[in-house]
Amino acid sequence: MKKSASFLKRMLPFILVMATIIVLLICFRISNFNTVSNGTWKLLEETTDRKKTLLSEKFQSYKTLVSSLAFAYRDDFALKDSDILSPLVEMEANTGFDYIRFIDKSGMSHTSKGTEADCSDRPYFIRGMKGETGVCDVQNSRLNGESMIGFFSPVENDGEYIGVLVGFISQRNLSFLLESEIFGLNVDAFVFTKSGTIVGSDNVSLLNNDIYESLGSIVSSSIKGYTYSNKRGVENIYEGKGEGDQAFISRIGNEDYFLLMHFPLSYIEEIAATIGSSGNNLKLRDMSRQFQ
């Protein structure tokens, strides 16, 4: 009995040291897991936020540009029997728009190629003639058959709205703005309307598809809950750090257009592994430059 007590007494310091090491290892693993988990989520959220900011600035820039053009060329459109083609050709050559359209007050749309189409029922014409500057999407244009994003502004002369000027960006060019990657992995990104129509995607084969069909019904209610609210910030539509795919949504500026960035589980695991092997807290601001 004395020998056992003596042995335990001699081993006690060793046992205490080992217990301390084990506790420290557990604490380290928990701390490291939390660091990796939080770092991963911060990176996903910041990716979405930065892309949202880029798109919001682009949309606002296009709106400001078309408004400035409507003011600068108002006299060209006001004159009877004026040459409408020349200013449209000039604007298309010197702006970032793929196409410029002028819709006169009767609703007739004019292009730089001289083609015309009745667009009196288009929302952008109706809204523009009420004095609104905004953003619209056009499915299957009556002038060239393309689907595009338009930025419109009323053309005013002598206190009267004489038409609407629209600068269009093709959906493919909008999609180029969505291309992003983290650690060499491409991010699935979508711009879609309030009704769910995809008008921009890094995967152009999905253009004009329904966002709900593309992502599955499991997130439909979360997407609709966001788009029909007044929310502006980035939000995880899976409502937390789950064990499956994740996606973040955000409104683009103050428009009824939305950005959604989807991250498959395999993608998240690879990001987490990269963060875990970095041995630090990522320094997110430096690493995020990869996807600006």
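Two strands pair if DSSP finds at least two bridges between them. Helices (H or I, at least four residues) and strands (E, at least two) are themselves DSSP runs, numbered from the N terminus.

## About the model

This is a predicted model, in which local features need pLDDT of at least 70 and side-chain atom pairs count only at pLDDT 80 or more, while totals for chains, interfaces and linings use all residues. Residues are numbered from 1 along each chain as its sequence is written, and side-chain values use heavy atoms, leaving out hydrogens and water.

## Strand β1 and its partners

Let's begin with β1. Two bridges connect β1 with β2, and the strands run antiparallel. Within this pairing, Ile-103 sits opposite Ser-109 of β2. The hairpin formed by β1 and β2 has three residues between the strands, and there Gly-107 adopts a positive phi near 100°.

β1 also pairs with β6: six bridges join them, again in an antiparallel arrangement. If you want a pair to pick out on screen, Ile-100 has Gly-167 of β6 as its bridge partner. Is β1 mostly buried or exposed? Five of its six residues are buried, so β1 is largely enclosed by the rest of the structure. Here, buried means under 20% relative accessible area, exposed means over 50%, and partly exposed covers what lies in between (1.4 Å probe, protein chains only).

## Salt bridges

How many salt bridges does the structure hold? There are seven, each being a side-chain nitrogen of Lys or Arg within 4 Å of a carboxyl oxygen of Asp or Glu. Three of them are worth a visit.

One belongs to helix α1 (residues 2-72). Arg-50 and Glu-46 form a salt bridge through their side chains, at 3.0 Å from N to O. Because these two residues are four apart in the helix, about one helical turn separates Arg-50 from Glu-46. Arg-50 is partly exposed, at 23% relative accessible area, whereas Glu-46 is buried, at 17%.

Another brings us back to the β1 and β6 region. Glu-160 and Lys-105 make a salt bridge whose closest N and O atoms are 3.3 Å apart. This pair links distant parts of the chain, 55 residues apart: Glu-160 belongs to strand β6 (residues 160-170), and Lys-105 to the loop between β1 (99-104) and β2 (108-110). Glu-160 is partly exposed at 38% relative accessibility, while Lys-105 is exposed at 53%.

Lys-231 and Glu-235 supply one more, with 3.0 Å between the closest N and O atoms. Lys-231 is partly exposed, with a relative accessible area of 37%, and Glu-235 is partly exposed too, at 28%.

## Two loop residues

Lys-194 is found in the loop between β9 (188-193) and β10 (198-201), where it is partly exposed at 28% relative accessibility. Which residues does Lys-194 contact, leaving aside neighbours within four places in sequence? They are Tyr-212, Thr-227, Tyr-228, Asp-256 and Phe-258, where contact means heavy atoms within 4.5 Å. Lys-194 can also be placed relative to Arg-251: they are 57 residues apart in sequence, with a C-alpha to C-alpha separation of 10.0 Å.

Ser-141 occupies the loop between β4 (134-138) and β5 (148-157). Ser-141 is buried, at 11% relative accessibility. Not counting residues up to four places away in sequence, Ser-141 touches Arg-122, Glu-146 and Met-148.
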